[in-house]
Structure formats: C-alpha cells, structure tokens
Amino acid sequence: MFITYNVSSWPTKHAQLKIWIIEMAELCQPDRIHWCDGSEEEKKMLEQEAFKTGELIELDQEKWPGCVYHRTHPNDVARTEHLTYICTSTKKMAGPTNNWMPPDEAYKKAREIFYGSMRGRTMYVVPFSMGPIGSPFSKIGVQLTDNIYVVLNMRIMTRMGSAVLKKLGTNGKFTKCLHGKADLDEKKRLILHFPEDNTIWSVGSGYGGNVLLGKKCLALRIASYLARQEGWLAEHMLIMGVEDPSGRITYIAGAFPSACGKTNLAMLIPPESMKHKGYRIWTVGDDIAWMRIDTDGRLWAINPETGFFGVAPGTNYNTNRNAMETIKKNTIFTNVLLTKDKNIWWEGMDGEPPQEGINWEGKPWRPGMVDKKGNIVLGAHPNSRFTAPIIQCPSISNRIEHHHGVLIDAIVFGGRRPHTVPLVYESFDWKHGVFLGATMASERTAAQYGKQGEIRRDPMAMLPFCGYNMGMYFQHWLDMGKKMEKPPKIFHVNWFRTDKDGNYLWPGFGENLRVLEWIIGRCLKTAGARITPIGYVPRPEDLDLTGLSLSREAMEELLYVDKEAWLEEAKEIERFFKTFGSDLPMELKNELKALQERLMKE
C-alpha cells in the first residue's frame with residue numbers, strides 16, 4: 001500500500017527531515033499526517049478528538065480547569081526496562097548494565113511491528129526542543145506518533161511547535177523519534193535507542209516513560225551518549241536553588257531513583273520552625289539536569305524540560321503543597337481514580353476517599369475493597385501520574401529559560417536505605433564523590449519493573465537511563481572533574497533510615513531543609529563535621545534541630561557509621577564493580593580499597 005502526501009505543503013524546507021518522515025510514513029502507513037504547531041487552537045482540536053474516542057476524559061472544569069484524564073492499558077503502567085534496548089554496533093559500547101541488541105536486528109524486529117500499524121490513524125509530527133530554543137545546552141528532536149495523549153504530554157513537557165522548526169532551519173541536527181502504540185501487545189513492545197544514529201524507536205506502549213521520547217529516551221539515554229562525545233553531563237537529577245536571608249542562592253543538583261522524593265525535594269517548603277530564617281526554595285527542575293563547564297571553569301546546569309511528570313500517590317498538601325498547587329489546572333492525570341462526577345482521587349490525597357469510582361483498571365471501585373487473595377484493591381495505580389506545566393509551580397525559578405542555566409555548587413546523591421547509610425555525609429573530594437554516586441543503592445519502587453522493596457545498585461540513579469557502557473560513564477564523570485576550576489562538592493543523603501521496628505527516624509519532607517542548610521554550610525566552609533571512614537558526617541550539633549521533636553538517641557542513630565555494616569557494604573560494592581570488568585576505572589577500584597583500609601583502621 002502506498003499513500004501520497006502533499007509534501008509541498010509541509011512547513012519545513014529541511015530535506016533530510018522530509019525524507020525521513022516519508023520513509024516512516026511508508027512503513028507505518030497512516031491515513032494522514034498532521035504537523036503540530038503548538039498552538040492553543042491545535043490543543044483544543046486534539047482534545048476534542050480524544051474526547052470523542054474516549055482516549056481522554058474531560059474532568060469537571062470547575063474543580064479542574066483545563067484538566068483531562070487518561071487510562072493506559074493494565075499491562076502498560078510503568079517503564080519496561082526489560083524491553084528497553086541500547087542498540088550499538090558493539091555490545092561493549094552498551095555495557096553490562098544495558099540490554100543490548102545489534103542495530104540491524106533491532107530495526108528489523110521493530111519494522112515488522114510498525115509495518116502498517118498506523119492504518120486508519122493520524123501520524124502526528126512533533127518538533128520539540130529539550131532546553132531553551134537556541135541555547136548551547138539544547139537539543140532538537142522530532143517525534144512521530146499516532147497517539148494524541150503523547151502529543152499533549154509532549155506539549156507540556158517540551159518546547160514544541162513551529163518555533164522549533166524555524167530554529168532547525170534547512171539542515172539542523174535532530175534526534176529522530178518514532179513512536180507507535182500498535183496494538184499494545186506486551187509481547188510486541190520495544191523501546192529501542194540507536195545512539196550512533198541519534199534515533200529512538202518505541203512501539204507497543206502508551207505509558208509516558210516509554211513513549212514521551214524527549215524525556216528519558218532522548219534527555220538521558222541518547223543525551224548521555226552525546227554528552228560523553230561533546231564533553232558535558234546529562235543526568236537524572238533535580239535542580240533547586242536555596243535562597244538564604246541575605247539573598248544569596250545556592251543551586252543544588254540531586255540524583256534519586258524514581259519515586260524517592262525528587263519532586264518533593266525540588267519543591268520543598270521550609271518548615272514552620274525554620275521560616276524565621278527567611279529561606280526560600282526556587283525550583284528549576286525535578287527530574288533531569290544537563291550540565292556543562294562554562295567559560296568560568298564551573299559547572300552550570302539547565303532543566304531541559306518544561307513540565308512535571310510526577311507520581312500522584314502520596315502527593316498531598318502536607319507532603320508537597322507546591323505540587324498540589326501546580327496541578328490544579330491544565331494537567332493530564334494518568335491512571336488515578338475517576339469518579340462519576342468527573343473528579344479524581346489517589347491514595348494519599350487530601351480528604352476522605354470517594355464512596356465509589358472507576359479505578360485505574362477501568363473497574364468499579366469502593367474504599368476497602370479486597371481481591372480474591374484478600375489484598376486491598378487500589379483506586380489509583382502506585383505509579384499513576386500527573387503531567388503539569390512547570391510554569392504553574394509557585395516556587396518556579398526565574399532562570400528556567402536562561403540559556404546558561406544556573407551555577408551548581410553541590411551535587412547530592414540519595415536513595416531508600418533502611419539501614420547502614422547515614423542521614424547525610426560529604427565526600428572527601430570529586431573522585432570520592434564519583435565513587436559515592438557509582439555505588440549508591442536503593443529499594444526498588446513502583447516506577448520500576450521488578451520486585452518492590454529489593455535493594456539494587458543504581459549508580460547516579462542512571463542505571464535504567466545510561467545510553468552506553470556505564471564503566472565508560474564513570475570515567476567520563478572522573479574526567480569532567482579534572483576539567484573544572486572548582487568542582488561542586490558531592491554529598492549523599494538518606495531520608496529513609498529506620499529504627500528496629502521499621503519506623504522512619506527522620507521526618508523528611510520540609511524538614512530536609514535542615515540537611516540542605518548543612519550542605520550549603522559545607523560549601524561555604526561555615527558548617528562543622530567529623531571525619532569518618534565514609535566521608536564527612538555532621539555531628540548532631542552541626543544541624544539546626546530547633547523545633548524538631550527528635551530524641552538525641554534517634555539523631556545519633558541517623559548519623560551513626562557502623563563499621564561492620566560498612567565492611568559488608570564494601571563487599572557488596574566489590575561484587576557490583578566486578579560487573580564492569582576491565583571497563584571499571586582504576587580510580588574507583590582505588591577508592592574502594594581506600595574505604596576498606598579506613599574501615600579496618602577504625
């Protein structure tokens with residue numbers, strides 16, 4: 001079947017772009033092609049079309065102005081890491097932590113699924129920029145998709161439309177992104193990355209993490225590969241500014257695995273007991289940071305996104321007031337509970353649950369329902385999401401569109417660790433800091449495929465997102481440190497340490513500002529610490545605990561460095577490092593050996 005398209009009417013003179021779109025259209029065979037311009041009129045048109053098909057449901061516009069609801073297929077509710085591949089010419093380039101497939105084989109498999117998959121559908125052409133249009137940090141992509149939900153999400157998450165095409169010009173570079181939902185058969189689902197071709201193909205999925213190709217796929221997997229070639233960093237990190245009473249703003253980048261509190265931290269509100277100090281938080285981004293060494297020899301960062309794709313369950317006015325204010329309008333809600341009166345709810349939301357509704361699987365739901373095994377039936381999926389414009393965040397930074405971003409003074413790594421890892425500690429230097437990032441671990445969460453609660457190593461929170469050999473990635477981090485005049489200080493935090501009964505020792509949320517205050521103090525050389533085998537750890541008196549109902553014993557436990565537990569941790573790290581074989585940088589081997597020697601001297 002061959003379909004002709006009115007190519008002369010297309011809004012671009014970029015020859016390579018037009019050739020590629022024709023090739024992909026011949027493969028997928030859509031009935032028509034629509035070029036997205038990013039206008040409000042287009043948004044309304046797409047929404048109305050999706051309302052007719054049931055792909056989207058319009059929510060109560062008095063309660064949720066501009067908001068819509070979407071439900072994905074029950075087999076398609078999270079990133080499918082086991083179906084995500086890095087397709088490089090050699091397996092060594094993909095490395096031991098990625099699924100690898102030879103490019104020829106990957107293209108062949110995907111073509112068979114894509115072939116004719118858009119018959120009866122529209123192919124939408126979505127030109128988008130990750131980062132401010134025209135910034136030296138930014139990258140342009142063009143996504144082809146047959147899914148209105150994807151188009152509307154990309155509209156929120158990226159700078160999308162005619163202005164991007166204009167910047168691309170007649171021969172600009174762009175990442176080729178092809179997505180098709182096909183028949184959503186999980187046996188025919190592939191998320192393929194071709195770093196050497198600057199190409200992404202995703203087929204058989206409708207879940208955001210698999211299909212918003214500007215996000216994890218381009219902004220992390222492809223971008224990390226490009227960053228190594230071009231001398232910068234593409235990281236799974238929040239960016240936040242902490243303004244002190246004098247007006248000085250310290251910017252912090254932080255890496256945490258999904259659903260470990262990145263969004264909450266990025267939008268932190270100072271606790272009542274610390275408001276007298278006059279701190280203010282500025283949100284630059286909650287998920288991705290692109291960082292470059294500028295002419296001053298320092299590390300600067302931008303958030304390449306323009307929206308939040310946040311986890312809904314557990315989000316409320318107590319845990320994240322700014323997020324709740326952000327999502328009050330113009331937001332896409334995915335896989336939460338839907339009520340008959342077009343309201344929404346999720347577990348952990350403010351107020352009482354509705355008496356009935358339709359749950360994330362599209363089934364009738366009532367509070368307290370249990371399945372045949374006696375398990376509680378959830379109204380919202382644990383990984384249900386909201387997609388909201390970043391500009392609606394009350395704490396949004398005025399530097400979100402700044403072409404050079406913000407100066408990073410501190411990098412923070414963290415994860416869910418019930419034991420061993422103290423509340424916060426500082427690395428001895430950049431190399432040791434890279435070691436902290438390379439060895440961080442966390443409990444597996446609902447955003448990831450696999451058994452929840454299992455501890456897994458997740459270096460720099462990039463294990464699912466590094467687009468090439470992670471041993472080479474570690475070396476790139478080490479090399480970047482050598483190029484900087486004054487590298488950021490590196491820290492590790494753990495908000496999730498528990499007592500013997502499994503209760504969290506640290507209150508978290510807004511109280512985390514107390515830890516950030518110490519981190520900033522270390523950057524400014526005004527805060528004290530004690531030297532331990534794992535790094536610089538604060539003493540209880542080094543943290544402002546005013547107004548916090550935390551016993552001295554609990555605080556000491558939070559900051560305790562258990563020699564025996566850390567010797568076991570070192571053994572686990574040694575086992576993990578063997579994964580990388582000869583690709584593991586010698587500097588990291590030396591850091592592990594130095595840690596073991598310091599522990600033995602204790």
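Is the crossing of α2 and α5 left-handed or right-handed? In this predicted model, the crossing of these two helices is left-handed. The contact is made by E40, K43, L46, E47, E49 and A50 on the α2 side. From α5, I148, V151, L152 and R155 take part. By residue class, the contact of α2 with α5 divides into five nonpolar and five charged residues.

Two packed helices are described by the angle between their axes and the distance between the axes. Helix α2 spans residues 40-53, and helix α5 spans residues 148-157. Their packing angle is about 150°. The axes lie 10 Å apart. Angles over 145 degrees count as roughly antiparallel. Helices α2 and α5 are therefore roughly antiparallel to each other.

The cysteines were examined next. A disulfide is a covalent bond between the sulfur atoms of two cysteines. The structure holds zero disulfides. C87 is in no disulfide. The cysteine sulfur nearest to that of C87 belongs to C217, 11 Å away. C177 is likewise in no disulfide. For C177, the nearest cysteine sulfur is that of C217, at 7.9 Å. A disulfide requires the two sulfur atoms to be within 2.5 Å.

Accessibility was computed for both C87 and C177. C87 has a relative accessible area of 1% and is buried. C177 is buried, with a relative accessible area of 0%. The cut-off for buried is under 20% relative accessible area.

How values were computed
Residues numbered from 1 in each chain as written. Predicted model: local features only at pLDDT ≥ 70, side-chain atom pairs only at ≥ 80, totals over all residues. Heavy atoms only, no water. Axes fitted to C-alpha atoms, helices over the stretch in contact; angles between N-to-C directions. Helix = DSSP H or I, 4+ residues; strand = E, 2+ residues; numbered from the N terminus. Parallel < 35°, antiparallel > 145°, perpendicular 65-115°, else oblique. Left-handed = near helix turned anticlockwise from the far one by under 90°. Contact = heavy atoms within 4.5 Å. Nonpolar A, V, L, I, M, F, W, Y, C, P; charged D, E, K, R; others polar. Buried < 20%, exposed > 50% of the residue type's maximum accessible area, 1.4 Å probe, protein only.
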